[in-house]
Structure formats: C-alpha cells, structure tokens
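Dear colleague,

I am passing on the model we spoke about, and I would be grateful if you could look through it with the notes that follow beside you.

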Amino acid sequence: MPIRHYLEDGVDSYEALIDGETIQWDAGLSYARHLQTEQLLAAQVPVSDKPDEMLFIIMHQQMELWIKLLLHEVAVAMGDLKEDRLARAGKTLDRIVVIQRHMIHSWEVLATLTPHDFASFRGFLRKASGFQSHQYRELEFVLGLKRPDLMLIHDGDPVATARLAAALAAPSLYDEVLALLSRRGIAIPVDRLERDWRQPYLPSEAVEDAWLQIYQDVDNHWDLYDLAEKVAGIEYYFQEWRFKHMKTVARVIGHKTGTGGSSGVNYLVKALNLSFFPELWSMRTRMSAPRAGGNYAAPDGCPFHG
C-alpha cells in the first residue's frame, strides 16, 4: 500500500500499510514535536572525552525530570487539599510515591559507575555539584523543609531564585495538611496555621496530640488517617532516596569532599535526620496497643479521649 495523503480537519494527514498495520500520521503534531526529542537528545554535552560521563549526565538529567514531575504532582495534590478533595489528593499522593520508588531504583544504574570510571572525568566537573540543584531545593521547600540560607547558592540565577523565593514564602504540603485538619475540627495551634511560611517549621506537642487523636480513633477519622499515612509514605521514600544517594556516593568516591565543597557522604548522612512532617513520626512513639473493641489506651493505661 503506497502512502495515502488526505486532509483531516484541514491538516495534511497520511497513512500507509506497514507490517500489516495501517499506520497514520499528520503534519500537525508528531511524536518528536510533542516530546521535543531533538532538544532533549541534544542536551547531553560532556565536558570530557571519557566514555562514562554520558551515564553520569543522563542519570542526573532523568533525576531532574522526575523531580520536575514531583513538583507538578505535589502542586496538584495541594490544590485538592485546599478544596477538601481528599480522595483526589490521595490518588495524586499515591502517584508521587510510585515516582519516588522509581527514582530510588535508578540509583542502582549510577552505582555501576566505579571509582575508576568517575575519577577519569571528575576533575572536568570543576565545582559543579548536585548541591546546586534548584529543583531539589524547591522540592524540599514545597514539602516543608524551609532553609532560607540555602538560596544563597542560586544568587547568580534570577529565575531559580524567583522560583525558590515563591516556594519559600508559600505554605508547604504539610502546612496545607494541618490547615485541612483544622477545618475538619481537629485542634491545631493558631501559631501553626498563621505564621511566616519562610521560616523553618518547629515541631509542636499540640500538633503531635492532634495526630495521636486521629490515629487512636481511626474509625471516626479514617480519611484523615489514610491521608496521614500517604503523606508519611512520601517522607519514608524520600528518606530512602536520600539513603540510596548516600550509599551510591560512598560506593563511587568514598568519603572524599564533594565537587561543590560539601563533606560529601558525611553531609548526606546528616540529611537523613531532616524531617518534613515531624509530628507524624514522633506521635508513633506514644501510641499503644488497642483495647478490645478497637479503642486505644494511652501509655499510662487511661483510655484516650480525643
């Protein structure tokens, strides 16, 4: 079958029989145009002639693409939380976790870069470092880890600085979750609902009490309990991503100083103690086994009353 040309909605369209299948395409939107593959595949520009640098570049580029998607999905979830659409937000939060799990496994590809492989081109990278990833920093801000001093490294990039400043000044995912709890009648301190969003979040015993109330009465707070577990899952997998990052770096360069001047592995180890949703984790220590019938007892043996 020769190529057949026809007009469809005023656009030049074509079809041909290939391997027994009728394949159609048009001059309007192609696969390559939609995905911008020419620009995408031209974005790998090694600074050395060493063969393993291509792996290093592509692995970090794909990580940046996944972080871009995470930022998009978190924004979608936060929009639904603001409108009290928990089921829709939950679907997006589930997707975020799947993306994170994929990112975790991707470190295994980079871990095939041996110390000899990396040493062959590391010197060409000069001071370029993942520490300078503005998207990663924005993701930390959006999830709730606000550290204004880390914006200094992006002073020379006005676009990145503007994005980070906006994320820093806006409520985080955790802030939106706490606001939702308040709207649902859960007691959240006013100073956690109305504050300077640019400042780091400080754990609150009252917020911990609020989560304990939800977790010890799941029948009456099932949707909030389910939301809490989905949010906790995001931190769980984020920390696993951090851990795999740290172990990959240790496997490739040991305890050498990072190209950007950080302490390398030691700095990544410290990051494992940083939390986005602190009371969701500290509350678990206070939980006790349920009594018969599903009610919980407080650690001192008294029944817990929300």
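Rings of Phe, Tyr and Trp (its six-membered ring) are taken to pair if their centres lie within 6.5 Å, and planes under 30 degrees apart count as stacked, over 60 as edge-to-face and the rest as tilted. By this rule the count comes to 15 aromatic pairs. Please bear in mind that this is a predicted model, in which local features need pLDDT of at least 70 and side-chain atom pairs count only at pLDDT 80 or more, while totals for chains, interfaces and linings use all residues. Residues are numbered from 1 along each chain as its sequence is written, and side-chain values use heavy atoms, with hydrogens and water left out.

Among the pairs is that of tryptophan 222 and tyrosine 225, which is tilted, with 5.2 Å from centre to centre and 50° between the planes. These two residues are three apart in helix H11 and are therefore separated by about one helical turn; helices (H or I, at least four residues) and strands (E, at least two) are DSSP runs, numbered from the N terminus. Tryptophan 222 is exposed, with a relative accessible area of 51%, whereas tyrosine 225 is partly exposed at 22% (buried means under 20% relative accessible area, exposed over 50%, partly exposed in between, with a 1.4 Å probe and protein chains only).

The rings of phenylalanine 238 and phenylalanine 276 have their centres 4.9 Å apart and their planes at 85°, so this pair is edge-to-face. The pair links distant parts of the chain, since phenylalanine 238 lies in helix H11 and phenylalanine 276 in the loop between helix H12 (265-271) and helix H13 (278-286), 38 residues apart. Both phenylalanine 238 and phenylalanine 276 are buried, and both belong to a cluster linked by ring pairs, which also includes Trp107, Tyr136 and Trp241.

Turning to the sheet, three strands form an open sheet in the order S1-S2-S3, with antiparallel pairing (two strands pair if DSSP finds at least two bridges between them). Strand S1 (4-8) and strand S3 (21-26) are the edge strands, each pairing on one side only. Strand S2 (residues 11-18) pairs with S3 in the antiparallel sense over six bridges, and tyrosine 14 has tryptophan 25 in S3 as its bridge partner.

Finally, leucine 41 has its place in helix H2 (residues 37-41) and is exposed, with a relative accessible area of 65%.
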